[in-house]
Amino acid sequence: MAVRVDLNISLDGFATTTDQTPENPFGLDWGRLTAAYVATRTFRARVFHDTSGEGTTGVDDDYAQAYFAEVGAEVMGAGMFGLHEPGVDADWRGWWGDEPPFRCPVFVLTHTARPTLEMAGGTTFHFLSATPREALDLALAASGGKDVRIGGGPTVVREFLKAGLVDRLQVAIVPILLGRGIRLWDDLRGLEDGYSVTTEGAPSGITHLTFAR
Ligand SMILES: NC(=O)c1ccc[n+]([C@@H]2O[C@H](COP(=O)([O-])OP(=O)(O)OC[C@H]3O[C@@H](n4cnc5c(N)ncnc54)[C@H](OP(=O)(O)O)[C@@H]3O)[C@@H](O)[C@H]2O)c1
C-alpha cells in the first residue's frame, strides 16, 4: 500500500494556471499544461469515456495507465474538487461529471462541511477537515489494500510531502513556462533525501520525474 502523488507541472514548477476567465473557465494555459496527458488513450477512455481506442500510446500513456492503476482511495483538496470556484453552491458535484474517473472513495479536505456524494461508477466523495495523517489513515482504511493517491492540488500535495507521507512522487514536467501560480516545490528543501530519483523523457517533450522510496 503505497501513498502516491502524480502531477503535471511547468518547467518553472507551477501546478496551477492563472488565466481563467468567465468565458474560458479552464483558461488556455491549463490546456497547454495537460495537453500530452489528455491526448493519451488512457485519459481519453477513463475521463472522457471514449471507447474508440483513439489517443496516444507510448511513454506518456504508460504513465497515464500507472496513474490510474491500483488506486483504492484518493485524497484531494477543496481547490481540486472545485469548491474555490466562483458561484459554486451546495449542489456542486465536482468537475468530472456524473461518473468521475476515480472509481473509489475520495476524501476531500475542506474546512466547509458538506454531505457525502455518491456518484456513478464507484466514486464517493467524503468531505472532512483533518490533518494529513488523519486523512491518510481514513483513506488507507478505505483503500481495500490498494494504494492511496494524493491527487492534488499542489497545496494539499505539499502538506503531505512536508509531513513525509508520500512514498512515490510522479511529476510530468511540461516544457512550458507559466510564470505564476502555485509552485509544487516551494519550501521543500532537501525533499530528495530518502528517495531515489529517476527521469524518463517522452517524445512529447515531457520529462517524467519519479521520486520513489
Ligand atoms: N497540475 C496538476 O497535475 C494538478 C492536479 C490536480 C489539481 N490541479 C489544480 O490545482 C488547483 C487546486 O490546487 P490548490 O493548491 O489551489 O488547492 P487544493 O490543494 O486542491 O486545496 C487546498 C484547500 O483545501 C483545504 N484544505 C487543505 N488542507 C486542509 C486540511 N488539512 N483540512 C481541511 N481543509 C484543508 C483548504 O480549503 P478550504 O479552507 O477552503 O476548505 C485549502 O485552501 C486546481 O486549479 C486544479 O486545477 C493541478
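1. Start with Asp187. This residue is exposed, at 64% relative accessible area. Exposed means over 50%, buried means under 20%, and partly exposed is in between (1.4 Å probe, protein chains only). Asp187 sits in the loop that joins E7 and E8. Its phi is positive, about 60°, although Asp187 is not a glycine.

2. Basis of the note. This is a predicted model: local features need pLDDT of at least 70, side-chain atom pairs count only at pLDDT 80 or more, and totals for chains, interfaces and linings use all residues. Residues are numbered from 1 along each chain as its sequence is written, and side-chain values use heavy atoms, with hydrogens and water left out.

3. Overall build. The protein has 6 helices and 9 strands. Helices (H or I, at least four residues) and strands (E, at least two) are DSSP runs, numbered from the N terminus. The C-alpha trace spans about 45 × 40 × 35 Å along the principal axes. A compact globule of 213 residues would have a radius of gyration near 17 Å; the protein has 17 Å, so the two agree. That radius is taken over C-alpha atoms, and the globule rule is 2.2 Å times the number of residues to the power 0.38.

4. Burial and contacts. Of the 213 residues, 48% are buried. Take the contacts between residues at least 6 apart in sequence: 64% of them join residues at least 24 apart. Contact means heavy atoms within 4.5 Å.

5. Surface and charge. The protein exposes about 10,500 Å², and carbon and sulfur atoms supply 52% of that area. Areas come from the Shrake-Rupley method with a 1.4 Å probe; for residues, only the protein chains shown count as cover. There are 18 positive and 28 negative side chains, and the centres of the two sets lie 3 Å apart. Lys and Arg count as positive, Asp and Glu as negative; His and the chain ends are not counted. Each charge is placed at NZ of Lys, CZ of Arg, CG of Asp or CD of Glu.

6. The largest nonpolar core. It has 30 residues, and Val75, Ile150, Phe160, Leu161 and Leu169 touch the most other members. Elements that each supply at least two residues include strand E2 (71-77), helix H5 (132-142), strand E6 (147-152), helix H6 (154-162) and strand E7 (168-174). A nonpolar core is a set of buried Ala, Val, Leu, Ile, Met, Phe, Trp, Tyr and Cys residues joined through side-chain atoms within 4.5 Å. A second, separate core of 15 residues includes Phe81, Trp96, Val106 and Phe125.

7. Helix H1 (residues 27-38). Its buried residues are Gly27, Asp29, Leu33, Thr34, Ala36 and Tyr37. They pack against E1, helix H2 (41-48), helix H3 (59-68) and E7.

8. Ser204. This residue is in the loop between strand E8 (196-201) and E9. Ser204 is partly exposed, at 38% relative accessible area. Its touching residues are Ala36 and Asp60, not counting residues up to four places away in sequence. Ser204 and Val59 are 145 residues apart in sequence, yet 8.9 Å apart in space, C-alpha to C-alpha.

9. Backbone points to check. Most residues other than glycine have a negative phi, and most peptide bonds are trans. The peptide bond from Gly152 to Gly153 is cis, with omega near -10°. Gly153 is in the loop between E6 and H6. His49 is not a glycine, but has a positive phi of about 55°. His49 lies in the loop between H2 and H3 and is partly exposed, at 37% relative accessible area.

10. Glu99. This residue lies in the loop between helix H4 (78-81) and E3. At 34% relative accessibility, Glu99 counts as partly exposed. Glu99 touches His49, Ala120 and Gly121, not counting residues up to four places away in sequence.

11. Ala113 is in the loop between E3 and strand E4 (117-118). Ala113 is exposed, at 77% relative accessible area. Gly145 is in the loop between H5 and E6 and counts as partly exposed, at 47% relative accessibility. The C-alpha atoms of Gly145 and Asn8 are separated by 26 Å; the two are 137 residues apart along the chain.
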